[in-house]
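Here is a short briefing on one protein structure. Look at the sequence and the model first, then read the points below.

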Amino acid sequence: MTKALFIAEKPSVAREFSKALKMDMKNRDGYMECDKAIITWCVGHLVTMSYPEIYDMKYKRWSFDTLPFLPEKFRYEVIESAKKQYAIVSSLLNRDDVTCIYVCTDSGREGEYIYRLVEQQAHVTGKMRKRVWIDSQTEEEILRGIREAKDLSEYDNLASAAYLRAKEDYLMGINFSRALTLRYGNVISNFLNTKYSVVSVGRVMTCVLGMVVRREREIREFVKTPFYRVLASLNFFGRDFDGEWRASEGSRYFQSPLLYKENGFKKREDADRLIALLCEKQPYTGVVESVQKKKEKKNAPLLYNLAELQNDCSKYFKISPDETLRIIQELYEKKLVTYPRTDARVLSTAVAKEIHKNIGGLRNYAQVREFADEILAQNSYKNIAKTRYVNDKQITDHYAVIPTGQGFGALGSLNPTAGKVYEIIVRRFLSIFYPPAEFQKVSVVIKTDIKEEPPSTERFYASFRVMLSEGYQKVTHFSFLKEKREREKEQEEGEENQSVDLDFLKLLNQLKKGMEIPIGSFFVKEGETSPPKRYNSGSLILAMENAGQLIEDEELRAQIKGSGIGTSATRAEILKKLIHNQYLSLNKKTQIITPELLGEMIYEVVNASVPPLLNAELTASWEKGLTGVAQGTITEEEYMNKLNSYVSRRTVIVKGLRNEGEMRQKFIAASANYKKKESAKKQGAEKGMKTE
């Protein structure tokens, strides 16, 4: 009797397939079997690319003579620790009674690569191969994936992109790391007084290092500039509010060099001088020049992809992107959420048609039961396909991370943080079925005249904002934030809009052009410019997704989707490696990321030798090229030719450099910024020793 072979990426996934298939499977060593099917699994990667010395022993010794290293045909080998499972999977793939292979590794580029390497190494031929592509591990989705499985050949372009990504990282890593270590390793180790130093660089890793170092240098070079704003304390029907002076047209300070910006002076005495002029008019009054009333709507944000989740988890829970990914993977494997390693923030039209099932399931989750009931009762899910939350063109491999509406038996086994992560995913999901939050905004301009020559008209501006309808925001009151969230909302609104209540709004609606307003006093408010913010672990992931730009506006982020550095599956691991290499430092309490001295030295080395590696836009273009291969718009040969040419040209440049002395001067300059830090570390260590 012939059998079908199902190959999953992990044992836990294999067990879910076994449950879904409802076959009487018997456990064997490394697989399960019944009379109709076999289920086995990889344990992550079973096969990897061989080191250069496998090609020729001359490559074992690092030397400029053997660079650049550009093999015509790449070699692969079984990972030592995975040899037993590889042998099991390989023998099953080649069993005579296995006629159809179902590839059930993770549905993405890396999952495709894991299987293809095993098949290649095992020399599998003459078998029917089907690709199971699923978005969650629920029984319904697994069975759909098997039922609709396509021929594996339809994913050949994706496999080509996966192979090229690995070859690219391999060639850049080996050639550039060896060349830069040979050129600068001794200079680094002599400076740091260490035995030896390896310069570890990579296509994505080095670019991220560059982003952090550049930001740190911007902060160092930043000079705080004080400025002085003039405000008026205004009174309307017994209610006080502030108006901010701006040098608009007609003001004696319009476009004056005395200004820092239109709403502030460079020097305190100039602000005081303006107040003195304003106070000459007694009593202090102003006239309403204009009143603008506008209703604003704020839509629920787009759904979560992995990067957005990692950013919010860093903000709310102070956990690293790596920890966030581990938690979401756990939620996925417990059937609570859909596939986590996704870049999309929207749903597909196919999923939108069945979305009521996900919502219905959430009635079993006490935190949001009332919202799920309300959405279903009002049928507000029925037109979701016509909104911005559904867009097939914005989906490559998977749609956004959403709750499945299943798996609630596992909720009790989650640790508290994982439970909170699940809550933010659920609330973000349900919020898209609610109308926008509505606000009334009132902008008032008050003018007052100065008679002293030259006469002028000075204007004070005030903006007010009040919530008319909570809309989707009523779903987003996280149980773990409580009152703190309300304070955060006010901070997010900034100083431009004064938050007022409905009663004050009614008074504001009585304001008419030409009305006279009493002014209680004029006063100066001092401020100063702020330096750029350091990246935290979440904002760095977002910046990677957006080609090195920390873009806060989600609409803009959506526009440049696909231009990111790395992929949703690899970004957390890259950050983890930079920290492990002691190139970057992560404050676990705040999740703030800063460079280490070694990292800044590596930055200098790369900047002087292979500077494009630090260029976010260039790095993103390589990733775009891989997407082109996956979509069939760029051939594998075209990409490989470009890659070989780039690696060869840049390696030859490094071989010809003789700038070690210049590098030492750069290291001396960089180290001055770390002396205080090293001293603090030393004092802390000594204090710890005394305590012990």
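Phe 237 takes a positive phi near 50 degrees in the hairpin of E10 and E11, where 2 residues lie between the strands. The model is predicted.

**Strand pairing**

- Strand E10 covers residues 226-236 and strand E11 covers residues 239-246; the two run antiparallel and are joined by 6 bridges.
- Ser 233 has Asp 242 in E11 as its bridge partner.
- E11 is also joined to strand E16 (residues 456-469), by 3 bridges, and these two strands run antiparallel.
- Opposite Arg 246 stands Arg 459 in E16.

- From Thr 448 to Val 223 the sequence separation is 225 residues, and the C-alpha to C-alpha distance is 35 Å.

**Thr 448: contacts**

- Leaving aside residues up to four places away in sequence, Thr 448 touches Leu 278, Lys 281, Thr 285, Gly 286, Ser 456, Thr 457, Glu 458 and Phe 460.
- A polar atom of the Thr 448 side chain lies 3.2 Å from the backbone oxygen of Thr 285.

Key: Residues numbered from 1 in each chain as written. Predicted model: local features only at pLDDT ≥ 70, side-chain atom pairs only at ≥ 80, totals over all residues. Heavy atoms only, no water. Contact = heavy atoms within 4.5 Å. Polar contact = N/O pair within 3.5 Å; in protein donor to acceptor, adjacent residues only side chain to side chain. Pairing = 2+ DSSP bridges. Helix = DSSP H or I, 4+ residues; strand = E, 2+ residues; numbered from the N terminus.
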